[in-house]
Structures are given as structure tokens and as C-alpha cells.
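Here's a quick tour of a few spots worth a look while you have the coordinates open. Have the sequence handy too.

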Amino acid sequence: MVGVSRVAVVGGGVGGLSAAHELATRGVDVTVFEARERFGGKARSFHGPSDGAPLPAEHGFRFFPGFYRHLTATMAEIPDGNDRSVADHLVALPEMRQALVGGGRTVPTGAPTTLAGWRDRVADLFGGQDVPADETAFFTGRLLQLLTSSEERWEAYDDVPWWSFVRADEMSDAYRTHLAYGITQTLVAMRPERASTRTIGRIYLQLLQDMFAPDRDADRILDGPTSDVWVDPWVEYLAREGVTFHAETPVRAVESDGQRVTGLLVDGADGAESVRFDQYVLAVPLGVARDLRTDALDAAAPSLRGVDGLETAWMNGVQYYLSRDYSPAEGHLALLDSPWALTAISQREFWREYDFDAHPEVEGVLSVAISNFDDPGPDGRSAREHGRDELARVVWGMVRDHVPALSDSDLVDWQVDPALRWDDDAGELRNSDPLLINTVGSRRHRPDAETACPNLALAADFVRTHTDLASMESANEAGRRAANVVLDRLGVRAARAGVWSFDWPAFVEPLRAQDEFAQQFGLPHPGSGSDLVWDGYRRLTNGLR
């Protein structure tokens, strides 16, 4: 046991709780400061409409793909209070639906078992009959190039926009909708014109591995509201492990003498007070990290200056409470041609143990996430130019366009993400929970968990990780990395928290080695000749038309 060593974790989101978890379970004395009433950060649940007992609400649907290794490993260590772990509350989803106005397709998420199944799965994932076969072949070639690229080549992909890499400008509208835009906007709120190929390419490859590997679940969600079945049991478990929690206690300043952190200025019951610890873990969102920076802190931890080169976007949700439990699919629903890049899921059918008896009028809960707040909607205005209730009405109209079985008579109430607030002076919404996005060239600006400051580590989704995506998985990995930094500094004699790299299929390793050899001699990827083939093919086919 460490005993006298004390660590302050600033921020009680997934990154901060993950760092506290890895430290406390190794005997380190930890205190967590959280500005909000509830822990969990953007992953937490919140209260919906209330007529006595409030309805449950989420910031957007939760998504736990098979490649989430760090987060699910932590969840497996958290008891749920009923002789199970929190990870046991993950439910595998059998399908997803790619919805278009007037059509769409439902795609199974389990691994194919026949050759025909493999063929159909590839076709469905790459747009089916909507995308021309030659364009599908080109896109497949692009993914194969990524799959066989060396690590050094992958670093170079961070400077290449996804839109350019897949040559979306030259392709059909269907190609752009299904392949260039689809995954980037609906899952990670990024514009493909500015998103890093390194980030998007890795997401594609990991999701494809999940959908074709028989030992993985490509898509999982929790069987109840996130705070109820995961975050609250986590906090209770860590409290039993000795962690001290201070909710509604914002940190106003990280004090520094230019060489190390000297204390935290926190809001206490009797006003602001300065508190001191041996080590500090900063686990706050990007915007808060910027606000906490000072010249002295920058001098002590120069890598923090990199946050000025990072960008955010909005990805927030609306919960719709229905008079019937209707599900458009047994899994996630991507409204591919919706102007605001909507995704949705019916929650009620999976929240089997949640007691809805206090709300007899509510039989269904539809969670909808908005991933594009900037493009014009039906009336020419962007999502951010709508008031909260107006936003909910317009999104509901888009959902109905894609799910004709729903009608206005099904709608009982809604709850808009409380992070969205209308600003009368600006005449638009403000968002207190923006999301880090991986724009072209941003990886070089992302700081490591370890800083030059001898008593400061970082554990947030803007930290450089193998996951390389602003997500719960990235935040958990960052928390593990920060905990390992602190354990090293304190000299704790315990095994370090596990950190896993990208999971490459064994059969591509010789091809990746070949590309590494080519890279050393300044040669292009061996598969890049497909560009010349494609250009020649297009010239030929255009000439025959």
C-alpha cells in the first residue's frame, strides 16, 4: 500500500474515472473533483421529463464495438452489485439499418458463415446496388492499401483528408453518401473533407474486423441507462476502494510555479480554496483544458500548448418518448441521407430491467444523435440555428421521413441534451459538451499522457492514444496511460495498467513489412498503382460513353 501518496484527478468523466480506477486498485490514495452533479462526463445519463419520477435520458446512443478492449476490460472489473460485472450488461445487437428516405437496407452484424453470406455482407456494407460496382471495387482497394500499410505510412495518412484518399469528388452521389460520408459523420461527427485518413481508415478496418470475426460482437449497447448500469456502480466501487469523490466541485485553476503543479483552486463549501497533492491528473474536456492553461502551466508542461491546434464539433442527442415500443431495427439506425447525419436506436427493448411503471404512458424510448450541426436543414437553417424545442421537432420530422411507421400520435414527449442552450445574443445554440474531432494533421498537436511537468499527467480523449478517436475507449486508454505515469513517478510496485495497440490480422504482416521496406527507400505503397489503373479505366469508360 502507498498510504501517504495522494493523487488529485481533475474531471470525473470516463478518462478521470479510468485513471482513478487503475490507481486506487493498486493502493494509491485518489481524490476526484467533478464540476457536475453526476459523474461520467459525456457518457453519463441525465434526467428527462419529470412528472414525479424523471424519465431516463442519454446524450446519444452508446456504442461498444468489439474493438473496444480497454474500456470493456475495465468494465469487467466493476461489480454491478448483483454478483455480475458491469460488462455483463452489454448486449450484442444482431443488425443495423442503413436508412434512406423511401428505402434502405438492414445489415446483420454477426459474422457470415457461408461464401454467399460473405459476398452479401461486403455488398451491403459498401452500398449494395446503390453504389456502382467499379466504385465499390476502388473503395475496397483503398481499404486493402490501408490494411497493408506500414506504421510509418500510417503516420503520413494523418495529413491526408479522407475525402481525397477515397477520391470522393470523382464518384457518384451514392458512393459519397454510403462510403465517403456514412461512417465519418454518423459515428464520429467528422466532415470527411477535413477528417484524417489515419483516423477514419482505422475505424473502418476495426469495424470490418468486428463484423467478419466469429469471436467478436460488432455492436453492443448497455441493457439500461448508462449511469444506472455502469457509471454509478463504478463510482460506488471506487469509493469502496478508497477514492474520495467531490461532485459539484469545479476546479477554477491549476496552480503552477512554472516547473511543477503547486495546487488546485477549487470551489468549496466556504468559497474557493487551494488544495495540494503529490501528483495531479488532468482529465477534463478540451475546452476546459484550454481554460485552465496559464503561462506558468505551459512552461511546466509545454505539450499542453498543442491543444490550441485541436478542433471540436458537436454530437448531441434528443430522446423521444413514445406511446408504443416500436423499433426500426434490432440495432442502430443510420439515416444516411439526413442533412444532419442522424443515427438512432430504440432503447426500451434493450432496457429490460428498467422500471417504467412510474410512466405508464411511455412504452418506447428512441434515442437520436445529431452529428452535423452545420449543414442546412429542411428550411435552410443549420441545427445550431434552431431553438431546443424547434430542434427536437425538426429532428423528429427527419426520423419520420426515414421511418414511415412512426407518426406524431406516437410521440409523448422529448428531452434535448442539456448541454445545448439557446443564446439570445448570438441567436443560436451553444454547446457545453463539444467533441474533439481528428482533423487532418491534428495528431501532432495531441499531447501524450506524460508531460514534462514532474507531477502532472493527462487523461482525456485529446491525449495521443492507439485508439486515436475521441471516444469512451480513447478516454479509458488515456486514463490507463496517465495512471501508469503516476505509478512510475510514485514508485508503486504493482503491475501497470494494460495498454493494447491496433489489432492487425496476422495474414497482412508480410505485406506491411513489404511496405515498410518500400517506405525506407522513399517508394510509394505497392498498391498505389491502383490510382493509375483507375485513371486509365475512367478515361477508357468515359471514351466509350
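Let's start with Asp433, which touches Arg36, Lys42, Arg44, His59, Asn316 and Ala419, leaving aside residues up to four places away in sequence. Keep in mind that this is a predicted model.

**Asp433**
- You'll find Asp433 in the loop that links β21 (428-431) to β22 (435-437).
- Asp433 has a relative accessible area of 5%, so it counts as buried, the cut-off being under 20%.
- Among the residues it touches, Arg36 also makes a polar contact, side chain to side chain, with Asp433 at 2.6 Å.

**Strand β17 and its partners**
- Strand β17 covers residues 342-346, and five of the five are buried, so the strand is largely enclosed by the rest of the structure.
- Which way do the side chains go? Leu342, Ala344 and Ser346 point one way from β17, while Thr343 and Ile345 point the other way.
- β16 (residues 333-335) runs antiparallel to β17, and three bridges join the two.
- In that pairing, Ala334 sits opposite Thr343 of β17.
- The β16-β17 hairpin has six residues between its strands, and Ala341 there adopts a positive phi near 50 degrees.
- β17 also pairs with β18 (residues 364-370), again antiparallel, through five bridges.
- Here Thr343 stands opposite Ala369 of β18.

**Helix α8**
- How many of the residues of α8 are buried? The count is 16 of the 16, so α8 is largely enclosed by the rest of the structure.
- Where the helix starts, a side-chain oxygen of Ser196 comes to within 3.1 Å of the backbone nitrogen of Arg198.

**Where α3 meets α8**
- The axes of α3 (residues 115-125) and α8 come within 12 Å of each other and cross at roughly 150 degrees.
- The crossing of α3 past α8 is right-handed.
- On the α3 side, Trp118, Arg121, Val122 and Leu125 make the contact, and on the α8 side Leu208, Met211 and Phe212 do.
- An α-helix has 3.6 residues a turn, so residues three or four places apart point the same way.

Definitions and conventions
Residues numbered from 1 in each chain as written. Predicted model: local features only at pLDDT ≥ 70, side-chain atom pairs only at ≥ 80, totals over all residues. Heavy atoms only, no water. Buried < 20%, exposed > 50% of the residue type's maximum accessible area, 1.4 Å probe, protein only. Helix = DSSP H or I, 4+ residues; strand = E, 2+ residues; numbered from the N terminus. Polar contact = N/O pair within 3.5 Å; in protein donor to acceptor, adjacent residues only side chain to side chain. Contact = heavy atoms within 4.5 Å. Pairing = 2+ DSSP bridges. Axes fitted to C-alpha atoms, helices over the stretch in contact; angles between N-to-C directions. Left-handed = near helix turned anticlockwise from the far one by under 90°.
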